[in-house]
Amino acid sequence: MNQEQMKQTAAEKAVEHIQNNTIIGLGTGSTIQYALEKISERIQKENLSIQGIPTSNTTKKTAQHLNIPLTTLEEHPTIDLTIDGADEVDSNLNLIKGAGGALTREKIIAYHSKTLIIIVDDSKVVKSLGMNNPIPVEILQFSYTATQHCLEELGCTTTLRTIVNEPYITDNGNYIIDCEFPRIPEPEALEMQINMIPGVVENGLFINMADMVIIGGKQGIHTLEKAIVQ
Ligand code: A5P
């Protein structure tokens, strides 16, 4: 299997978890694209009745194109199941997300979901978070340099995300600072420290949020599930 097939296999497995008459959070990214196609197929073939809540304008457009019925968090504040991708996954099911810029809406949707399933190919699995990716931090444009300095004081090097030499603007009208940490020994504490800085909207550390990670590998699918603490 090549990388695209691994993503597709993981995505299609996750879509099997969708039940009739449910509200589904729709993540963002190239892996989710395969899930959206499979959801659309199940709606047509099985008459599956679901409503999706997209995590980005891009996903919203794709879902509309695929005739997936959509709703909003205002109408449905509790989501039954969200399927989303990730940039890094560790063995505790903690994640880095946001390479696609949708981290804030993704985290809001994940927070309000009864179940969060993450779909990745095996290149996303890491021993410790931050090995291959910076932590994206969405910040207000107002005072962004001051906010950037505060982020650097946490021990990272920062880059303002750009696109065609202009600052990248999120769906929420904000900037993104990518923060590269030499190591992240305590991701849970760091997630909170980053969000304490005024001007920070949200960061791409998703700690204790995922219930299941479906990993597509060369040999097939491998699933990590959250341990249930009694
Ligand atoms: C979007 O902001 C991200 O969190 C994506 O979910 C993540 O980058 C995974 O994207 P791919 O499936 O394209 O790797």
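Predicted model: local features only at pLDDT ≥ 70, side-chain atom pairs only at ≥ 80, totals over all residues.

I started with Thr 28, where a polar backbone atom sits 2.7 Å from an oxygen atom of the ligand. I'm counting polar contacts as pairs of N or O atoms within 3.5 Å; within protein, one atom must be able to donate a hydrogen and the other to accept it, and residues adjacent in sequence count only if both atoms are side-chain atoms. Next I checked Lys 124: an N or O atom in the side chain of Lys 124 is 2.7 Å from an oxygen atom of the ligand. For Lys 97 I got 3.0 Å between a polar side-chain atom and a ligand oxygen.

**Ligand burial.** Taken alone the ligand exposes 380 Å², and the protein buries 91% of that. Those areas are Shrake-Rupley values with a 1.4 Å probe; for residues, only the protein chains shown count as cover.

**Caveats.** Residues are numbered from 1 along each chain as its sequence is written, and side-chain values use heavy atoms, with hydrogens and water left out.

**The shell.** I listed 17 residues around the ligand, with Thr 28, Ser 30, Thr 31, Asp 87 and Lys 124 coming nearest; near means a heavy atom within 4 Å. The shell divides into four nonpolar, eight polar and five charged residues. My classes: Ala, Val, Leu, Ile, Met, Phe, Trp, Tyr, Cys and Pro are nonpolar, Asp, Glu, Lys and Arg are charged, and the others, Gly among them, are polar.

**Salt bridges.** I searched the whole structure and found twelve salt bridges, meaning a side-chain nitrogen of Lys or Arg within 4 Å of a carboxyl oxygen of Asp or Glu. Glu 191 and Lys 107 meet in one of them, at 2.6 Å, N to O. That pair links distant parts of the chain, with Glu 191 in helix α6 (residues 187-195) and Lys 107 in helix α4, 84 residues apart. Helices here are DSSP runs (H or I, at least four residues), numbered from the N terminus.

Are Glu 191 and Lys 107 buried or exposed? Both are buried, where buried means under 20% relative accessible area, exposed over 50%, and partly exposed in between (1.4 Å probe, protein chains only).

I also looked at Lys 7 and Glu 4, whose closest N and O atoms are 3.3 Å apart in a salt bridge. Lys 7 is buried at 8%, whereas Glu 4 is partly exposed at 35%.

Note on methods:
Helix = DSSP H or I, 4+ residues; strand = E, 2+ residues; numbered from the N terminus.
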